[in-house]
Amino acid sequence: MTKGEFIEALAKKTGSSKATAGKSLDAIFELITVGLKKGNKVPFIGFGTFAVVKRSARKGKNPRTGEVIKIAAKKVPKFTAGAKLKNTVK
């Protein structure tokens with residue numbers, strides 16, 4: 001499902017216009033992003049949790065040359081599905 005298809009389905013489900021649904025979806029993404037940027041978890045009970053995790057430094061390999069390179073530590077976003085979502089997808 002593309003973002004456009006999702007917006008169309010959201011508009012139909014809520015009885016609102018596509019423009020309103022699109023703005024709502026963009027606002028949700030922005031709020032999740034702001035929460036993660038602050039280092040907070042963003043939980044949605046039954047659906048899942050967005051969080052920031054630290055990925056430690058490690059060694060990797062350049063696929064083109066085979067040279068071993070150092071990959072720096074960094075923070076990355078992570079989504080963990082909730083029990084209700086997991087059971088629905090089974």
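**Exercise 1.** Is phenylalanine 50 buried, partly exposed or exposed, going by its relative accessible area?

*Solution.* Keep in mind that we're working with a predicted model.
Step 1: look up the value, which is 22% for phenylalanine 50.
Step 2: recall the cut-offs, where buried means under 20% and exposed means over 50%.
Step 3: phenylalanine 50 sits in between, so it counts as partly exposed.

**Exercise 2.** Work out how the rings of phenylalanine 50 and phenylalanine 79 are paired, and which parts of the chain they join.

*Solution.* Step 1: a ring pair is described by the distance of the centres and the angle of the planes.
Step 1: for phenylalanine 50 and phenylalanine 79, that's 4.8 Å centre to centre and 50 degrees between the planes.
Step 2: under 30 degrees would be stacked and over 60 edge-to-face, with the rest called tilted, so this pair is tilted.
Step 3: now find the strands. Phenylalanine 50 belongs to strand 2 (residues 48-55), while phenylalanine 79 belongs to strand 5 (residues 74-81). The pair therefore ties together parts that are 29 residues apart in sequence.

**Exercise 3.** Which kind of aromatic pair do phenylalanine 44 and phenylalanine 50 form?

*Solution.* Step 1: a search of the whole structure turns up three aromatic pairs.
Step 1: in the pair of phenylalanine 44 and phenylalanine 50, the centres are 6.3 Å apart and the planes make an angle of 90 degrees.
Step 2: that angle is over 60 degrees, so the pair is edge-to-face.
Step 3: zoom out, and you'll see ring pairs linking Phe44, Phe47, Phe50 and Phe79 into a cluster.

**Exercise 4.** How many salt bridges does a search of the whole structure find, and which residues form them?

*Solution.* Step 1: the search finds two salt bridges.
Step 1: take aspartate 26 and lysine 3, whose closest N and O atoms are 2.8 Å apart. Aspartate 26 is in helix 2 (residues 18-37) and lysine 3 is in helix 1 (residues 3-14), so this bridge ties together parts 23 residues apart in sequence.
Step 2: next come lysine 18 and glutamate 8, with 3.9 Å from N to O. The cut-off is within 4 Å, so this pair makes the list.
Step 3: Lysine 18 lies in helix 2 and glutamate 8 in helix 1, so parts 10 residues apart in sequence are tied together.
Step 4: finish with exposure. Lysine 18 is exposed at 52%, whereas glutamate 8 is partly exposed at 44%.

Conventions: Residues are numbered from 1 along each chain as its sequence is written. This is a predicted model: local features need pLDDT of at least 70, side-chain atom pairs count only at pLDDT 80 or more; totals for chains, interfaces and linings use all residues. Side-chain values use heavy atoms; hydrogens and water are left out. Rings of Phe, Tyr and Trp (its six-membered ring) pair if their centres lie within 6.5 Å; planes under 30 degrees apart count as stacked, over 60 as edge-to-face and the rest as tilted. Buried means under 20% relative accessible area, exposed over 50%, partly exposed in between (1.4 Å probe, protein chains only). Helices (H or I, at least four residues) and strands (E, at least two) are DSSP runs, numbered from the N terminus. A salt bridge is a side-chain nitrogen of Lys or Arg within 4 Å of a carboxyl oxygen of Asp or Glu.
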